[in-house]
Amino acid sequence: MPSAESVSHEDLVICACGDREYKARDAVDAALWRGALDDSWQHFLAGLAAEKRADELDLEIDEGELDAAAEAFRYGHDLITAEETEQWLATRGLTLDVFSDYFARQYCAGKLADEVTPTPTSYVAASGELRRLFAGDLILSGDLDRISEELIWRLAAWTAEEEAEGGRAEEEHFFERHQIKADELPDWLSGLGRDAAWFSEMAAMEAAYRRRCEALLVPQSRQRELATMRLPLTRFEAEVLELESRDAAQEALFCIKEDGMSMEEVAVEGRYAYRQIDFLLEDLPPDLQQKFLSVSPGDVLDPMPREDGFELARIKSKIEPNAEDPAVRLRIEQRMLDRHFAELSSKHVERRLNAATSTE
């Protein structure tokens, strides 16, 4: 069982707006209010259940895998030395024990996810100890960064707009999301240590944010954004062969180009893994993007290295981006929102946590 000494998210300041500071607890509770916390909470509960089952089975943990996961985390956060890692953790109220426990829990979840069923527990009804442990998971998984940014955007919208209209509609959306009745609200708020004033603030904040989004995400603006992102959002459909060596890849390439065999035929004959994929150009690593831009439908790319061998890809089609394509529309709208709220929040919200640690 992990150490109960986790992060004091009551004291972890993430930003300030006006004369108020907002802490990790505020980001978590706001995400819960919006219905944006459940995936993280359920993943956390599944990890606890897997960890408990691992204890019962006396599961031997592969320390090499844990070390690799921790190293990947440090690399992703540009933490070169042990001292830098400890400082990063200390800034967030975490210890090395909590750090290690987190990766052990993820390891257990990866090995035993199909064998466990988490005990149904709502965040509102959870103990303070469980919430503190969850806060540590949010920090280390990066989910706290996500929900903090969502709170910052809403604070910026709320501060920039003085009108308070629309809050009633957001309150109704809250009751629908959480499937509770108005007379049950006091108990729900009491479970969080919140009051009716906080509830009204959440509704007003969400209404201001929604108005900003609706005014920004109009068809004409999407088309203008699409014009600047035509190449990165080009969609490719391709066939892929997985081969064990460069020689095998070259032989397969010869069969396709010179013998006129299809990718599927080569896969069957050579017993190679075969799949069809589609993706947007910007999803590729930068060094591959130019290769795919220069090909036409029907072309087969030169063999490309992969983790344990090589891949051979044939382009089936290149599709110009369309603003009504759900995947393209999502990317366009996200860019528009990122740009708008980055500027708006820079005017109205002072970031504390990431700003303080960017120079560590």
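1. Arg235 has Ile319, a residue of strand β6, as its bridge partner. In this predicted model, β3 covers residues 235-243 and β6 covers residues 309-319. The two strands pair in the antiparallel sense, over nine bridges.

2. Strand β3 also pairs with β4, which spans residues 273-280. Eight bridges join β3 to β4, and here too the strands run antiparallel. One of the facing pairs is Ala238 with Ile277 of β4.

3. How much of β3 is buried? Seven of its nine residues are, so the strand is largely enclosed by the rest of the structure. The cut-off behind this is a relative accessible area under 20%. For the chain as a whole, 44% of the 360 residues count as buried.

4. A separate point concerns the open sheet of three strands, whose order is β2-β1-β7 and whose pairing is antiparallel. Which strands stand at the edges? They are β2 (20-23) and β7 (350-351); each has a single partner strand, so one side of each is left without a neighbour in the sheet.

5. Within that sheet, β1 takes in residues 13-17 and is joined to β7 by two bridges. Cys15 stands opposite Arg351, which belongs to β7.

6. The surface carries a negative patch made by Asp55, Asp58, Glu60, Asp62, Glu63, Asp67 and Glu71. Which helix gives the most to this patch? Glu63, a member of the patch, is found in α3.

7. Is Pro120 buried or exposed? Pro120 has a relative accessible area of 79%, and the cut-off for exposed is over 50%, so the residue counts as exposed. Pro120 lies in the loop that links α5 (96-112) and α6 (128-141).

8. Pro120 can also be placed relative to Gln42, which is 78 residues away along the chain. The C-alpha atoms of these two residues are separated by 8.8 Å.

9. For the overall picture, the chain has 16 helices and seven strands. Taken along the principal axes, its C-alpha atoms fill a box of roughly 75 × 60 × 45 Å.

Methods. Residues numbered from 1 in each chain as written. Predicted model: local features only at pLDDT ≥ 70, side-chain atom pairs only at ≥ 80, totals over all residues. Heavy atoms only, no water. Buried < 20%, exposed > 50% of the residue type's maximum accessible area, 1.4 Å probe, protein only. Helix = DSSP H or I, 4+ residues; strand = E, 2+ residues; numbered from the N terminus. Pairing = 2+ DSSP bridges. Patch = residues over 30% accessible without salt bridge, like charges linked within 9 Å, V, L, I, M, F, W, Y side chains within 5 Å. Areas by Shrake-Rupley, 256 points an atom, 1.4 Å probe, with all protein chains shown as cover. Salt bridge = Lys/Arg side-chain N within 4 Å of Asp/Glu carboxyl O. Lys, Arg positive; Asp, Glu negative; His and termini not counted. Charge placed at Lys NZ, Arg CZ, Asp CG, Glu CD.
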